[in-house]
Structure formats: C-alpha cells, structure tokens
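Let's take a friendly walk through a protein model. Have a look at the picture first, then read on.

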Amino acid sequence: MALGTYSGNMIVADKALRLLGGYAGATSAAYAAGQSGDFTTRDPAARVSTISAGSGSAAVTLRDFGASWTTIDGFTITGGQRGIELDDDYTWPPLENVTIANNRIENNGLSTDTGMIGGGIYVSGKNNVLTGNTVSGNQAGRGAGVGGNAGNLLLSGNDIADNIGYGDHGGGVYLAGSA
C-alpha cells in the first residue's frame, strides 16, 4: 500500500494476502488521470502507510482458515479495539503461518474492559510469527501489547513497551499455549 492514512477496519477472510506498506504510490490526481503509482521500492520508515481504525473493532482482523499464510508488514496500525486480531471465534481449523512483521502497532485497545486480551495484537492459531514490530501505547485487561492463545508462536525481535494492562495479567505480553 502507498504512503498515506487509510481509515476504517480491514477484515481478511478466506484469502491469504501479502499486505505490504511503505510504497510511494502516486497522488490522487495521478490516479484520477489513469496513471499508476510507484510500487517498485518499499521504505516503510520514510513512506508511512497507516491503518487508522474506528474503536469498535480491530484495525485488521484475520478471520477464516483461508486467511492463513497472510503477511502484514510495514504499517502503522492505530485506533482500533485491537490493532491486529487473529480471530479464533470463527476459525476452524485455526489460522496458521501468519507473519506480522516490521509494524508500529500503537494506541489500540479499551481501558474499560479488564477481561479483554491483546490490545495491540491478539494472536491465536499455530505456527505464527511476530517479528520486528514496535508495540506501544496499547491498552487491555491482559496482554495489552500482545495477548492470546497460540501454538508454536515465534515472538522475536519486537519492542513491546509502554502498554497498560488493567486486569490481573501482563501489560506487555500475556500468552497461553506455546511460544
């Protein structure tokens, strides 16, 4: 996706996608004139692609086993009830092989729900990877930064700081399962 702010909540269901932020794209006028944007070189630090959600649901939700093998890389994700949610309410078999990498996941979550898990990222399923993310300023009852129940989760090289847990477990990370 090109630099800029995308408002709304995104649901990925029944498709494996590679969502990559940090491209230059083009101006609105160029697109209106039928010109294509520049999607050859990524630089997420210089060309910030932001997903800014409404607080009623997650900014990005992966739902349905078909969303397995999805990658979310190079975004700022903010303003949702959760930043990213691997939704286990609708998924059997569970999501697997999802990669969440090199994102800024900030200022998500609800301070009023002490039972809520995972304000920044709610992870479920198996064989998923969270790497190179900055997870900060999120709120939840438990695992305000990262929370959930996952099997064989790889959690590596993330900066998880300054999240606020209002319940009885973990402002930073609260995980059941194996990681």
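Predicted model: local features only at pLDDT ≥ 70, side-chain atom pairs only at ≥ 80, totals over all residues.

## Zooming in on the bridges

Let's start with strand E13 (residues 121-126), which runs parallel to E17 and is joined to it by 6 bridges. To spot one of them, find Val-123: its bridge partner in E17 is Gly-148.

Now hop along to the next pairing. Strand E17 (residues 146-151) is linked to E21 by 5 bridges, and these two run parallel as well. Here you can look for Ala-150, whose bridge partner in E21 is Gly-177.

## A residue inside the sheet

Thr-61 belongs to strand E7 (residues 60-63). Is Thr-61 buried or exposed? Its relative accessible area is 5%, and the cut-off for buried is under 20%, so Thr-61 counts as buried.

Which residues does Thr-61 touch, leaving out those up to four places away in sequence? The answer is Met-10, Ile-11, Val-12, Glu-85 and Asp-87.

## Rings that pair up

A pair of aromatic rings is described by two things: the distance of the centres and the angle of the planes. This model has 2 aromatic pairs. One is Tyr-23 with Phe-39: the centres are 5.6 Å apart and the planes sit at 50 degrees, so this pair is called tilted. Because Tyr-23 is in strand E4 (residues 23-25) and Phe-39 is in strand E5 (residues 38-42), the pair ties together parts that are 16 residues apart in sequence. Tyr-23 is buried, at 14% relative accessible area, while Phe-39 is partly exposed, at 40%.

Another pair is Phe-65 with Trp-69. Their ring centres are 5.7 Å apart and their planes are at 85 degrees, so this one is edge-to-face. Phe-65 is partly exposed, with 27% relative accessibility, and Trp-69 is partly exposed too, at 46%.

## A charge over a ring

What sits over the ring of Tyr-122? You'll find the charged end of Arg-82 there, 4.5 Å from the centre of the ring.

## Out in a loop

Finally, look for Asp-89, in the loop between strand E10 (84-86) and strand E11 (99-101). With 63% relative accessibility, Asp-89 counts as exposed.

How are Asp-89 and Ala-26 placed? They are 63 residues apart along the chain, and their C-alpha atoms are separated by 38 Å.

Notes. Residues numbered from 1 in each chain as written. Heavy atoms only, no water. Pairing = 2+ DSSP bridges. Helix = DSSP H or I, 4+ residues; strand = E, 2+ residues; numbered from the N terminus. Phe/Tyr/Trp six-rings, centres within 6.5 Å; stacked < 30°, edge-to-face > 60°. Buried < 20%, exposed > 50% of the residue type's maximum accessible area, 1.4 Å probe, protein only. Lys NZ or Arg CZ within 6 Å of the ring centre and 35° of its normal. Contact = heavy atoms within 4.5 Å.
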